[in-house]
Amino acid sequence: MTEGEVLHWIKELPLGAAVRESRWLFAMGETLHFIGLSLMVGGLLIVDLRLLGFIRSVPMRAALAFLPFVIVGFLINLATGIEFFVTDPFMYWPNPAFKLKLTLIMLAGLNAVVFMVLDHRHKLALTKDTGAYVKVAAGLSLSLWLCVLLLGRLLPAFEGSTSFF
Amino acid sequence: MEFLVWLEQTDFSVWLRESDWGHPIVLCFHAVGMGMVVGISLMYSARILGYAKDFPVSAFDWLFGLAWFGFAMNTVSGVLLFVGEPRRLMDTPAFWIKMILIVFAGLTLWVLGKALDAGPREVVRLAGSGGISSGEVIVSPNARVAAILSAVFWLGAIISGRLIGYTIAPPPL
């Protein structure tokens, strides 16, 4: 299948058709996308800023306890993001902001997975301070997710273009 | 109304509305500010309602600084969004509902933050007569109500804010 055929197949999925025909499904998805965004930002600020060495009065374990909000927020935004994509794949796919956003989400995910694989959560639960790697990972996490947020917001401005410049 | 017509015809308003980047950049700030103020408020509500009990409530004093920074960012970007299309917003019920919810959400955040500013004793008072036991604050029913209201106001503000985008603009001047 060519790229066009794949996009066409996606567009014909029942979910996309249902969202296009409904008056409210898309708006509800957008609203949930903002709520998921807020849950992610709130949780990430607490976790990453603590890892960076702010709010030291907070035990590391207590700060890491806010990670589930980040994960729930991400899952809400993944689901609603898929909803948006199937509604109009021909708008999203060539859009440079969309492509960069997807790339940065994967980098941010990789950053989080490496952090978990290295089992830093369990080691950190016992410490008061963090090493250089953890600080870099936390800084990367905040910067990558900030860029993801901004690219999402700028996505409509790049509708119809195929490159940034 | 005359003022709104004048405002909408200023060069700045036209630029915000019609330039390639004015509107998207203001919206970027509005989204980041929303994440900060709503995100931290929701985490605070979760803490008050019993989540992560070993997270010291007093640490939110510092986090509230970030939340207010986000609130200020959204006041400024929100005013700019209004300048861009004042007549449409004035005519949109969702806009007024959002403004009322923001005022209530801000007041709730202020009351909750005020209790933190007053020091640990005040936090315990807000938290109820149970006081601190093994580093854990026993939360009073009042604080729980405030935490739930705060979340409801913010979520309502997000919903009504999103609905503003689904109203039809009045004909151009």
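This is a predicted model: local features need pLDDT of at least 70, side-chain atom pairs count only at pLDDT 80 or more; totals for chains, interfaces and linings use all residues.
1. Content of chain B. The chain holds 8 helices and 2 strands. Read from the N terminus, its elements follow the order α-α-α-α-α-α-α-β-β-α. Of its 173 residues, 39% count as buried.

2. Contact range in chain B. Taking contacts with a separation of 6 or more, 78% are between residues 24 or more positions apart.

3. The side of chain B that touches chain A. Here 28 residues of chain B are in contact with 27 residues of chain A. The elements of chain B that contribute two or more residues to this side are helix H3 (22-48), helix H4 (60-84) and helix H8 (141-164). H3(B) supplies the largest share, 13 residues. By class, this side of chain B has 22 nonpolar, 3 polar and 3 charged residues.

4. Helix H3 of chain B. H3(B) is mostly covered, with 20 of its 27 residues buried. How far apart are its end C-alpha atoms, and what span should its 27 residues give? The end atoms are 39 Å apart; at 1.5 Å a residue the helix should span 39 Å, so the two values agree. Just after H3(B), B:Gly50 has a positive phi of about 115°.

5. Helix H8 of chain B. This helix has 24 residues, and the distance from its first C-alpha to its last is 34 Å, close to the 34 Å expected at 1.5 Å a residue. Its buried residues include B:Ala143, B:Ala146, B:Ala147, B:Ala151 and B:Ala157.

6. Helices H2 and H5 of chain A. At what angle do the axes of H2 (residues 14-21) and H5 (residues 67-87) of chain A cross? They cross at roughly 85° and come within 8 Å. An angle of 65 to 115 degrees counts as roughly perpendicular, and H2(A) and H5(A) are therefore roughly perpendicular to each other.

7. Residues of that helix contact. H2(A) takes part through A:Leu15, A:Gly16, A:Val19 and A:Arg20. From H5(A), the residues involved are A:Glu83, A:Val86 and A:Thr87. Sorted by class, the contact of H2(A) with H5(A) comprises 3 nonpolar, 2 polar and 2 charged residues.

Terms used:
Residues are numbered from 1 along each chain as its sequence is written. Chains are lettered from A and ligands numbered from 1 in the order in which they are written. Two residues are in contact if their C-beta atoms, placed from the backbone, lie within 7 Å. Helices (H or I, at least four residues) and strands (E, at least two) are DSSP runs, numbered from the N terminus. Ala, Val, Leu, Ile, Met, Phe, Trp, Tyr, Cys and Pro count as nonpolar, Asp, Glu, Lys and Arg as charged, and the others, Gly among them, as polar. Axes are lines fitted to C-alpha atoms, for helices over the stretch in contact, and angles run from 0 to 180 degrees between N-to-C directions. Angles under 35 degrees count as roughly parallel, over 145 as roughly antiparallel, 65 to 115 as roughly perpendicular and the rest as oblique. The expected span of a helix is 1.5 Å times one less than its number of residues. A residue is buried if 20 or more other C-beta atoms lie within 10 Å of its own, exposed if 12 or fewer, and partly exposed in between; C-beta atoms are placed from the backbone.
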